[in-house]
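Let us walk through this structure step by step. We begin with a term, then turn to helices, strands and the chain contact.

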Amino acid sequence: MTAYIIRRIIIGLMILILVTMLVFLLVRLLPGDPLMRYMANFSGTGQQNIMSPEQHEALLKEFGLDKPIPVQYWDWISKILRGDLGQSIGVGQPISKLIADVLPRTAYIGFLMFIVGTFGGILVGIYCALRRGTWMDNTLTTIANIGMTVPVFWLGIILIYVFAYKLGWFPMYGWVAPWDDFWKSCTYVVLPISAVALGGIAGMARLTRSCMLEVMRTDYVRTAWAKGLRERVIVIRHQLKNAMIPVVTALGGTLGMILGGSVFIETVFSIPGMGRLMVNAIFEYDYQVVQASALIFGGIIIFSNLLVDIAWGWLDPRIRFS
Amino acid sequence: MALLDVQDLQTYFHTEYGLVKAADKVSFHVNQGEIIGLVGESGCGKSVSILSIMRLIPSPPGETVGGKVIFEGKDLLKFEANGPQMRAIRGSKLTMIFQEPMTSLNPVLTISRQLTETLELHLDMDKHSARERAIELLRMVGVPDAARRVDDYPHQFSGGMRQRVMIAIALSCNPTIIFADEPTTAVDVTTQAQLLELMKDLVTRLDTSLVIVTHNLGVVARYAQRIYVMYAGRIIESGLSENIFNHPRHPYTVGLLNSVPKLGERHGTRKLIPIYGLPPNLINMPTTCAFLPRCTEKIGKCEKEPWPELRAVDKDHYISCYVDIKGK
């Protein structure tokens with residue numbers, strides 16, 4: 001098991017390095033450069049073309065953007081290894097501070113989306129599998145099929161229209177931190193969480209249902225019935241753990257989907273989180289912020305996939321011992 | 001008085017193509033300490049009969065529609081399939097060994113857990129004594145180094161060893177009758193012999209009855225005291241093992257025995273004759289004898305009259321046929 005985890009960690013780190021390289025290159029392939037925006041912000045005029053070529057050259061040198069890309073990459077990586085995420089060119093602040101401000105918000109709603117999406121989906125899936133063929137099962141399965149195909153931003157807008165604009169149950173958009181005012185914060189996060197979690201619930205429910213049905217037909221479940229165990233014990237002890245193996249595998253993907261969805265949903269609901277930070281940075285050619293956000297998003301996804309792999313080994317002894 | 005008395009058991013399957021009478025008026029009984037063989041080709045209703053007794057027929061599509069299964073003075077068919085009375089009997093007094101040792105054990109639970117759960121459930125043992133008993137059971141079925149291997153998972157066991165574990169599970173609560181559904185079909189020949197010897201030894205020692213379901217005549221010839229031969233959902237011949245093997249009376253049994261070599265028979269002294277044709281499709285069967293199309297002994301009456309009930313042709317020897325080969 002230890003060798004297995006170490007192998008997974010090494011693979012994860014290699015993927016993370018590849019992600020940073022890719023993002024580093026991609027932002028530099030975009031037309032335009034971060035200095036335009038920098039000048040516009042600091043000249044106070046709002047105009048972008050007020051630099052002379054000499055000034056431009058000098059600024060490029062100042063930010064190290066005149067060096068060859070591999071050298072720039074090396075500089076960046078060695079800084080990161082020393083714990084320095086660099087400076088935002090556009091905003092002129094340390095990136096670690098920018099991220100420290102927004103990351104807790106995304107982590108908070110992302111965590112809630114993940115919990116609601118996975119546990120909700122697994123419970124619905126188990127329920128449908130145990131009551132297969134009933135009208136409840138059919139209804140829930142149909143809703144799940146629809147839920148999987150609805151785009152997050154569209155659902156977000158519809159939810160705003162119905163529950164915030166028409167019914168007025170929730171605020172239309174914005175953010176209140178739960179550590180400032182918990183109950184008020186809840187009213188703000190209900191709609192964005194619902195918009196993203198529905199897709200997660202739908203996917204998880206479908207997967208769980210089909211895995212449960214598959215496991216129900218296995219020989220070892222028949223053995224369990226032949227032992228005289230009651231249904232509850234058979235479901236919990238014999239079916240769930242087996243059925244959860246593919247479901248847990250899908251959790252890594254679900255988390256990626258939720259982080260991707262949060263980029264949309266933070267924009268739709270004007271939540272100042274990681275997603276918005278990254279989207280704005282892309283619009284402003286703020287290379288350093290884009291790179292840092294990609295590093296963090298990538299790190300989160302790779303780390304959670306690592307957890308999934310470990311959970312997998314815990315669930316399935318055949319993996320643990322190989 | 002028989003331990004288990006199955007009378008006119010009828011289990012039907014409702015399929016999209018029509019009604020399948022998988023077990024049609026199956027009657028047999030099991031006495032204390034007896035080894036019974038239930039023989040027939042694939043799909044003849046052997047397993048369905050056993051699963052019906054255990055109330056393990058998946059419903060839908062299956063349904064036990066008639067008959068009685070008298071065990072300890074009570075009709076098991078009157079109980080709710082997964083109700084408390086049936087659950088109390090299943091796994092303790094009536095136990096099963098399945099055909100596929102590779103898939104019949106839960107891959108994510110330790111051998112220990114799979115053995116102790118019946119002990120805890122039926123014998124009310126605490127965790128510690130259940131574990132001790134599990135190790136003892138593994139030793140009994142010949143698993144080497146049982147104290148260590150009890151914590152292994154099924155994938156660390158070979159097929160033969162897994163079937164030993166299944167036997168241990170079946171024996172764990174001192175059952176009255178063990179039903180072994182093709183217990184050795186999926187393992188190699190040497191392992192087959194070991195497992196059968198083991199089962200025979202254990203049931204003899206513990207005075208437990210054993211019902212072996214198989215299509216292997218060699219298995220029943222060696223181990224069973226009484227035999228029931230099934231064809232197309234019905235029992236067509238029954239009797240003492242030596243009578244059936246030495247003096248078969250039903251054309252199907254005769255055909256079966258002609259198609260397999262006998263132990264000790266010299267090569268080339270006898271031609272093996274297959275039974276021509278295929279077993280019938282069980283959907284919408286005619287009322288006449290199901291073996292009729294393949295039968296070499298048929299008489300005019302067979303074509304007109306319905307499939308006959310079992311009749312005695314000798315002491316404890318029954319056939320369901322208008323023709324009696326020996327009496328011919």
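Angles under 35 degrees between axes count as roughly parallel. Keep that cut-off in mind. The model is predicted.

Start with two helices of chain B. Helix H4 covers residues 111–122 of chain B, and helix H7 covers residues 159–171 of chain B. They pack at an angle of about 20°, and their axes lie 9 Å apart. H4(B) and H7(B) are therefore roughly parallel to each other. The crossing of H4(B) past H7(B) is right-handed. On the H4(B) side, the contact uses B:Ile111, B:Gln114, B:Leu115 and B:Thr118. H7(B) supplies B:Val165, B:Ala168 and B:Ile169. By class, this contact of H4(B) with H7(B) has five nonpolar residues, two polar ones and no charged ones.

Now look at the boundary with chain A. There, 23 residues of chain B are in contact with 19 residues of chain A. Helix H2 (84–89), helix H3 (101–104) and H4 of chain B each give two or more residues to this side of chain B. H4(B) gives the most, with four residues. By class, the side of chain B that touches chain A has ten nonpolar, nine polar and four charged residues.

Strands come next. Strand S1 of chain B spans residues 4–15, and strand S4 of chain B spans residues 62–71. S1(B) and S4(B) run antiparallel, joined by eight bridges. B:Leu4 has B:Phe71 as its bridge partner in S4(B). S1(B) also pairs with strand S2 (residues 18–30) of chain B, in the antiparallel sense, over nine bridges. Here B:Leu9 has B:Val26 of S2(B) as its bridge partner. A hairpin of two residues links S1(B) to S2(B).

How values were computed:
Residues numbered from 1 in each chain as written. Chains lettered and ligands numbered in written order. Predicted model: local features only at pLDDT ≥ 70, side-chain atom pairs only at ≥ 80, totals over all residues. Axes fitted to C-alpha atoms, helices over the stretch in contact; angles between N-to-C directions. Parallel < 35°, antiparallel > 145°, perpendicular 65-115°, else oblique. Left-handed = near helix turned anticlockwise from the far one by under 90°. Contact = placed C-beta atoms within 7 Å. Nonpolar A, V, L, I, M, F, W, Y, C, P; charged D, E, K, R; others polar. Pairing = 2+ DSSP bridges.
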